[in-house]
Amino acid sequence: MAVPFIDLQRFEPGFLDRWAEICRRLSVNTQFVGGEAVRGFEQRLAERLEVAAVVGCANGTDALQLALRAMEIGAGDAVIIPDATFWATFEAVVNVGARVITVDIDPADQQLDADLLARAIERHRPKAVILVHLYGWGSARLDEIRGLCRTQGVGLLEDGAQAMDVAWRGAPIFRDADLATLSFYPAKVLGACGDAGAVLCRDPARAETVRRLGNHGRSRHYQHGLVGWNSRMGAFDAAYLDLALDHLTARLEHRRRLAAAYRERLRTLGVVSAEPPAGYVENGYLNVCLIEPARRASVEAMLRVRGIGFGNVYPGAMSQQPAAGRHLEAQLGGQHARHLAASVLNLPLFAGMTDAELDEVIDGMHAAMRGIHLDFSVSGKVSP
Ligand SMILES: *Cc1c(COP(=O)(O)O)cnc(C)c1O
C-alpha cells in the first residue's frame, strides 16, 4: 500500500456539504475581499490564541513583511534569523530592505541557539530578531529569549507558521508574544483553500498599522498615509479557515497521537526522533526523524521502493542557499543547522491518516533499517 507524504482530501463527514453551502452564500453575497467573513475569523482566532489582535493577510511571507514594516525595519537595518528555517524568513528580511544575520540552532531543540543569539546581539546590535518556532514546538529557552530581546531593546518577531495551537507552559505559545505571524498555506496544520496568513499583535495600535500596510496604506478609501501594498485576505479563505477551525482540535489530537506513536515505534527500530522540550504541547505538524547523514539516502531509497512519501524539512541551511551570500551581514555558526539539514527525514503525518497507513510506514522503516544493518555489517564499515 502506498502512503502519501500528505493528503489534504481526508475531509470529515459533512465537511464538503457545509463548504458547498458556504460557497453558495459567499457567491450570492459577492463580498469577495475582506468583509464579515474575514473579521469573524480574525476575532475567533484572537480568542483561541489569547492574543489582543489578529490581522488576516495574503500569505505567511507577507505576514512577516507586514510585521517587519510595522516594526519600521528597513534599509540599513540588520535582522537575526535562525539558520534552520524556511526560506521565506530570509526573504522577508531582504524584501523590506534589511540585511540578514544567521545564527545557528541548538541541537537540543532544533531552535535558535539562545547563547549564540546573546553574543550576536552584543556584537552586531541588530534592530530585530525573528525567532522561528520550527516543527510544531518552540525553544526550551523561549522566555529567556523574549526577556533578552526586551532588555536589549531589540524587536522580536515570532514566525509561527508551523506553530498554530502549540502550547507553552499551559497557555497558547503566542499569548506572550509581542508580534507573531501565521501561515495558512493548505499544508500547514490550519490551512486555507488557497494562500493566506495572519499577523498577531499584542498592541492594537500596531495591529492597525499592519492592517493599513496591507491595504495600500489607506487612512481613508483614497487617502494613503503609508506606502504599503495589497495583502488582503479573501472571504473564501477566511470562511474555509473558519470551517476548518470547527475541526481543528480533533485534527490536532489525531496528529499528536500519530507523532507520539511514531516516536515510540521508531525508537524500537533504533531511529532517533526530534521531540519538543519539556513545557510544550506540540501540534503534530511534522514527524522529524534524525538519520545519520551517510545512511539517509538508503533509507529514502527503501521508502521510495515501497511507495511511501517523505520530506526533508529542510534540506539546506539558510546561509548555504545560492541567493544568500550578498544579503548576509554576518553568520554565527551554522554547523548544527547544516547537520540537521543533512539528517532530517519526515515521514507521512496528516489529519485523517489511518492506523493501517502508520503500520505500513513503520514496516517500511523496519525494512530500511534492517537493510542498513545488513549492508553495514557485510561491508564492515560500521558495526550495527
Ligand atoms: C510556511 C512558512 C512560511 C511562509 O508561509 P507562506 O504562507 O507559504 O508564505 C514562513 N515561515 C515558515 C517557518 C513556514 O513554515
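In this predicted model, a polar side-chain atom of threonine 61 lies 2.5 Å from an oxygen atom of the ligand. An oxygen atom of the ligand is also 2.6 Å from an N or O atom in the side chain of lysine 188, and one is 2.9 Å from such an atom of glutamine 162. The protein covers 92% of the 380 Å² of accessible area that the ligand has on its own, where accessible areas come from the Shrake-Rupley method with a 1.4 Å probe.

**Around the ligand**
- The ligand is surrounded by 14 residues, the closest of which are Gly60, Thr61, Asp159, Ser183 and Lys188; a residue counts as near if one of its heavy atoms lies within 4 Å of the molecule.

**The largest pocket**
- The largest pocket holds about 550 Å³ of space, and among its 32 lining residues Gln162, Tyr185, Lys188, Tyr285 and Tyr314 lie nearest its centre.
- On a 1 Å grid over the protein atoms alone, a pocket is an open set of points with protein on both sides within 12 Å along at least five of seven lines, whereas a cavity is a set where a 1.4 Å probe fits but cannot get out, and lining residues have an atom within 4 Å of a point.
- Helix H3 (60–70), helix H4 (87–95) and strand S10 (179–183) are the elements that give two or more residues to this lining, and H3 gives the most, with three residues; helices (H or I, at least four residues) and strands (E, at least two) are DSSP runs numbered from the N terminus.
- Because domain 1 (15–243) and domain 2 (248–379) both give residues to the lining of the largest pocket, the pocket lies between them.

**The largest cavity**
- A search of the whole structure finds one cavity of 30 Å³ or more, and the largest cavity has about 60 Å³ of space.
- Its lining includes Asp83, Leu134, Tyr314 and Ala341, and domain 1 (15–243) and domain 2 (248–379) both contribute residues to it, so the largest cavity lies between them.

- Aspartate 7 lies in the segment before helix H1 (15–29), and a polar atom of its side chain is 2.9 Å from the backbone nitrogen of glutamine 9.

**How to read the values**
- Residues are numbered from 1 along each chain as its sequence is written, and side-chain values use heavy atoms, with hydrogens and water left out.
- Local features need pLDDT of at least 70 and side-chain atom pairs count only at pLDDT 80 or more, while totals for chains, interfaces and linings use all residues.

Notes. Points joined across faces, edges and corners; volume = space filled by probe spheres on them. Domains from an automatic or database assignment. Polar contact = N/O pair within 3.5 Å; in protein donor to acceptor, adjacent residues only side chain to side chain.
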